[in-house]
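Me: I am new to this structure. Please walk me through it in short steps.

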Amino acid sequence: PMDTRRKLAENIVIIGGNSMLPGFTHRLQKELMELSLEDKYSKHMTITKFAFHKPSVKENYTAWLGGEVD
């Protein structure tokens, strides 16, 4: 079987109103890097960089748009 955990962990989509707070992405990156250095994660997947992706609309609209689609 193909293991996609590392690829998924390296690519994160940031949505929601709280993601618009100043410094949110920077703090999230810092905390994820600290977690990735712990033994339980570093043994199985070595992550050196996290890529944060934003939707094409404002972050606080994404939940509404997703719920609006039938």
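This is a predicted model: local features need pLDDT of at least 70, side-chain atom pairs count only at pLDDT 80 or more; totals for chains, interfaces and linings use all residues.

Me: What box do the C-alpha atoms fill?
Reply: The box is taken along the principal axes. Its size is roughly 40 × 35 × 15 Å.

Me: What share of the 70 residues in the protein is buried?
Reply: A residue is buried when its relative accessible area is under 20%. Among the 70 residues of the protein, the buried share is 14%.

Me: Which residues make up the largest nonpolar core?
Reply: In soluble globular proteins, nonpolar side chains tend to be buried together. Here the largest such core holds 5 residues. They are Ile12, Ile14, Met45, Ile47 and Phe50.

Me: Is Glu10 buried or exposed?
Reply: Glu10 lies in helix H1, residues 5-10. Leaving out residues up to four places away in sequence, Glu10 touches Ile47, Lys49, Phe50 and Ala51. Its relative accessibility is 16%, and the cut-off is under 20%, so Glu10 counts as buried.

Me: Which residues does Met45 contact, leaving aside neighbours within four places in sequence?
Reply: Met45 belongs to the largest nonpolar core. Beyond those sequence neighbours, its contacts are Arg5 and Arg6.

Me: Where is Gly16 found, and what is it in contact with beyond four places in sequence?
Reply: Gly16 is in the loop between strand S1 (11-13) and helix H2 (24-36). At 24% relative accessibility, Gly16 counts as partly exposed. Its C-alpha atom is separated by 14 Å from that of Leu28, 12 residues apart along the chain. Beyond four places in sequence, Gly16 is in contact with Glu59, Asn60 and Thr62.

Me: Which residues make the nonpolar surface patch of about 400 Å²?
Reply: One member, Val57, is found in the loop between strand S2 (51-53) and helix H4 (62-68). Val57 has 32% relative accessibility, so it counts as partly exposed. The patch is made by Val57, Tyr61, Trp64 and Leu65.

Note on methods: Residues are numbered from 1 along each chain as its sequence is written. Side-chain values use heavy atoms; hydrogens and water are left out. Helices (H or I, at least four residues) and strands (E, at least two) are DSSP runs, numbered from the N terminus. Buried means under 20% relative accessible area, exposed over 50%, partly exposed in between (1.4 Å probe, protein chains only). Contact means heavy atoms within 4.5 Å. A nonpolar core is a set of buried Ala, Val, Leu, Ile, Met, Phe, Trp, Tyr and Cys residues joined through side-chain atoms within 4.5 Å. Patches are made of residues with over 30% relative accessible area and no salt bridge: like charges are joined within 9 Å, nonpolar side chains (Val, Leu, Ile, Met, Phe, Trp, Tyr) within 5 Å. Accessible areas come from the Shrake-Rupley method with a 1.4 Å probe; for residues, only the protein chains shown count as cover. A salt bridge is a side-chain nitrogen of Lys or Arg within 4 Å of a carboxyl oxygen of Asp or Glu.
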